[in-house]
Structure formats: structure tokens, C-alpha cells
Amino acid sequence: MRIVEPTAATIVAAAKLLIDGKLVAFPTETVYGLGGDATNERAVAAIFEAKGRPRFNPLISHVLDAQEAQRLVRWSDTADALTARFWPGALTLVLPRSEGSTIALLATAGLDTVAIRAPFHPVAQALIRAAGRPVAAPSANRSGAISPTRAEHVAESLAARVPMIIDGGPCLVGVESTVLDLSGDTPILLRPGGVSREAIEAVIGRIALSDALPTGDAARKSPGQLASHYAPARPVRLGATGVGADEGLLAFGPDAPAGAMLTFNLSPAGDLAEAAANLFAMMRALDRPGIDRIAVMPIPETGLGLAINDRLRRAAADDGKSGRR
């Protein structure tokens, strides 16, 4: 494993790894991604193996722009309107697979839909351009764990499973992309993320919320739909208005209660964008020996708060396997 700075030479070297079917971790504006050639079934399989990810959980394919996406999926006027406003950026669209699409079937969990987005981060764009192909890239961490927003988080989670990590500094958005399903008659929000529901509805009108998630080994249309996900090793207590002496506190706003073993404040000013950018790094900082549980203060369910609370609820969920309860 090498951690490298994003130079012209390292981008070329990273692109060669992708072309050769190897994996590369790289920064996006949302979180760090574990990238592989989205058109290569063996490379995609290596992503699942490195993460320990269930094969029914699909991957997002990253492209440069809408023109490239249109060669891989069946496009629509709604997709046109959304990408004109939000691409490149933190919005993933789920669209029907086009005839002749080169995206590996494993990347789509065998479904006839493809999750696709154009990232904003210049390092991600440079890597996709140099590789000359779509890059499948879930978050660069072991499956179900806290997502990485810094290169060192990737190294801690994946170590020798990835030959190269491109260090682009901390991620500016800090939570994964919003995933919107456009494969049916009604747009459905599958995963809240870096683009708010309100911003999307300002462009295309009301969207539906996904209220019937697949269970068991049924294939998902989107990543981030597992009940237990983004989870630290320590249990998470939500809605905390007070804090125990054995707890670490993930605070929000100016009125954090005293008494925690350790406190990190997502945003003392109550700014949801700042809170999203800090979420995963601060959860990692609290997930340490000596702290028995992580208490989390209430966060508004508006704007980016929808994505933050989605991640926190999944982090707090007990899937019966984690041994955290």
C-alpha cells in the first residue's frame, strides 16, 4: 500500500492500475472511494472482496459527465434537468441499463439498472479521464464500517487490500452522495446524501421516499440501504439531551451537555453543512478504548440533516451480528 500525493505522475500510475484490473483509493467531494474498472467483472469482484461487501449491494459507477453516462444508461428529460443543475456533484442517479452498456453486471448486483454519478473533486475527475473508462467506487472502508473522509481512514480500514491511496485531503461534503431512482414513473429517494431533498424538488418537483427496502439477500438498487451501516465498534445512542460519564458525546449546536468522557461538536454554530463534513471523522475519533458508548445530540431533519440522521440511525442499528449490544 502506498499513500501518494495527487500529481500528474501518480494519476497516470493510478490509472494504469485501474486499466490493469487493480484497485485505487481516491478522494471525492463526498467520501474516499475504492475504485476499480467498472467494465471489468474481475476488478469489480476485487472491490467486493477487499471490502467484505455483500454481492447484492450494488456499486456506483463514476463518469466524467452526462454525455459519458448516456452511453451506459437510458437517459431521460428528468436526468437532463438534474445533471444540468447538480453534475458534477454529490447526486447519483439510478437509470435503466442501456443496450450494449459496458458496466459489469456484478457492479449492478445483476439488476437492469445502473447507479451512476459524475464527481466534482478534481482528483476523481483526473483519474477517470486518465483511465478512460467508468470507475466503480464504493466508500473505501470495510463493509458496514464508518466511511472514510481522509486518506489515513482508508489506510486504517483497508491497509494492504489496496495498492495505492491518493491523498487529496479531507472531503468537503463528508457524507455519501444522494441516490435518486429514475428507473420508474416516479423519482424515488433511495439514499439521502450530499444534495438535499429540497434542492432536488426545486428542480423536478415532489419526489417519493423509499419506504419498502429489500430484505435478506435481495438485490438493492442503491448502496446505503442496509439497516446496519456506517457503524463504529461502540454502540450509538441517539437523541441524547444528557450524557453519561462512560459516554463520548457527538454534539451539535451551542448547548452541548457537560459530563462526557470526550466531546466532539459537529458544528457549534448549528450549521448542517459543517456537521456533515465532520460526521464520519468525529465518529471515528469517539470510537476509541475507554469510551463505552457514543451519545449523539438531536439533529434537525431538514436539508443535509436528512442525510446525517440517516447515517446515524444506521450506525445505531443492531443487525444481530455486530456484537455491539
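**Sheet pairing, helix packing and enclosed spaces**

Strands β5 and β9 run parallel and are joined by 4 bridges, where strands (E, at least two residues) and helices (H or I, at least four residues) are DSSP runs numbered from the N terminus, and two strands are taken to pair if DSSP finds at least two bridges between them. The model is predicted, so that local features need pLDDT of at least 70 and side-chain atom pairs count only at pLDDT 80 or more, while totals for chains, interfaces and linings use all residues. Residues are numbered from 1 along each chain as its sequence is written, and side-chain values use heavy atoms, with hydrogens and water left out.

Strand β5 is mostly covered, with 6 of its 6 residues buried; buried means under 20% relative accessible area, exposed over 50% and partly exposed in between, with a 1.4 Å probe and protein chains only. In strand β9 (residues 178-181) lies Asp 181, which counts as buried because its relative accessibility is 5%. The side chains of Asp 181 and Ser 183 are joined by a polar contact of 2.6 Å, a polar contact being a pair of N or O atoms within 3.5 Å of which, within protein, one must be able to donate a hydrogen and the other to accept it, and residues adjacent in sequence count only if both atoms are side-chain atoms.

These strands belong to an open sheet of 11 strands with mixed pairing, in the order β1-β8-β2-β3-β7-β4-β6-β5-β9-β10-β11. Its edge strands, each pairing on one side only, are β1 (2-4) and β11 (208-209). Strand β10 (residues 188-191) pairs with β11 in the parallel sense over 2 bridges, and Ile 188 stands opposite Ala 208 of β11. Helix α1 (residues 8-19) packs on the sheet, touching β1, β2 (24-26), β3 (33-37), β7 (135-136) and β8 (164-166), and its direction makes about 135 degrees with that of β8. Helix α5 (residues 122-131) lies across β2, β4 (60-62), β7 and β8, and runs at about 145 degrees to β2. Contact means heavy atoms within 4.5 Å, and axes are lines fitted to C-alpha atoms, for helices over the stretch in contact, with angles from 0 to 180 degrees between N-to-C directions.

Grid points are joined across faces, edges and corners, and a volume is the space filled by probe spheres set on the points. The second largest pocket holds about 170 Å³ of space. Its lining comprises 10 residues, of which Leu 189, Leu 190, Pro 192, Ser 210 and Asp 310 are the closest to its centre. Both β10 and α9 (305-316) give two or more residues to this lining, and α9 gives the most, with 4 residues. The whole structure contains 2 cavities of 30 Å³ or more, and the second largest cavity has a volume of about 40 Å³. Among the residues lining this second largest cavity are Thr 178, Leu 189, Pro 192 and Leu 306.

Conventions: On a 1 Å grid over the protein atoms alone, a cavity is a set of points where a 1.4 Å probe fits but cannot get out, and a pocket is an open set with protein on both sides within 12 Å along at least five of seven lines; lining residues have an atom within 4 Å of a point.
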